[in-house]
Amino acid sequence: MFKITFCLHRLPHMSREEFQKYWREVHGPMAVKHKDVLGFKRYVQTHALAEGSVPALDHLKDAPAQFDGVAEIWYESQHAYETRRATPEG
């Protein structure tokens with residue numbers, strides 16, 4: 001398997017809740033709808049927790065790399081990914 005991981009930041013005008021709702025309810029279903037055309041085998045969304053939901057991690061809030069979510073897209077192989085990316089649909 002070949003996996004691509006994207007660390008996501010929301011647009012500046014969106015709250016984290018708005019971003020996650022869009023990602024979960026619009027973008028995710030759209031990705032899954034086109035999975036056969038795009039050729040991926042698995043799509044995973046990992047949503048960031050709301051600030052303050054894990055007090056033991058509050059000291060990390062000023063860390064430089066904060067993401068609103070992480071997406072994983074799995075392909076059968078790197079060749080399968082590259083082949084699909086070379087198509088107009090990809």
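Two strands count as paired if DSSP finds at least two bridges between them. I keep that rule at hand for this predicted model.

**Entry 1: the sheet.** I looked up the strand order. Three strands form an open sheet, in the order S1-S3-S2. Their pairing is antiparallel. Next I checked the edges. S1 and strand S2 (42-47) stand there, and each has a single partner strand, so one side of each has no neighbour in the sheet. On average, neighbouring strands are turned by 15° against each other, direction ignored.

Entry 2: I followed S2 and S3. They pair in the antiparallel sense over six bridges. I picked out His 47; its bridge partner in S3 is Gly 69.

**Entry 3: the helix on the sheet.** Which strands does H1 touch? I found that H1 packs on the sheet and touches S1, S2 and S3. The direction of H1 makes about 180° with that of S2.

Entry 4: I turned to the second largest pocket. About 420 Å³ of space lies in this pocket. Its lining has 18 residues, and the closest to the centre are Phe 6, His 27, Ala 31, Tyr 43 and Ile 73.

Which elements each supply at least two residues of the lining? I noted strand S1 (2-8), helix H1 (16-33), strand S3 (69-75) and helix H3 (78-85). H1 gives the most, with six residues.

Last, I sorted the lining of the second largest pocket by residue class. I listed 15 nonpolar residues, two polar and one charged.

Definitions and conventions
Residues are numbered from 1 along each chain as its sequence is written. This is a predicted model: local features need pLDDT of at least 70, side-chain atom pairs count only at pLDDT 80 or more; totals for chains, interfaces and linings use all residues. Side-chain values use heavy atoms; hydrogens and water are left out. On a 1 Å grid over the protein atoms alone, a cavity is a set of points where a 1.4 Å probe fits but cannot get out, and a pocket is an open set with protein on both sides within 12 Å along at least five of seven lines; lining residues have an atom within 4 Å of a point. Grid points are joined across faces, edges and corners, and a volume is the space filled by probe spheres set on the points. Helices (H or I, at least four residues) and strands (E, at least two) are DSSP runs, numbered from the N terminus. Ala, Val, Leu, Ile, Met, Phe, Trp, Tyr, Cys and Pro count as nonpolar, Asp, Glu, Lys and Arg as charged, and the others, Gly among them, as polar. Axes are lines fitted to C-alpha atoms, for helices over the stretch in contact, and angles run from 0 to 180 degrees between N-to-C directions. Contact means heavy atoms within 4.5 Å.
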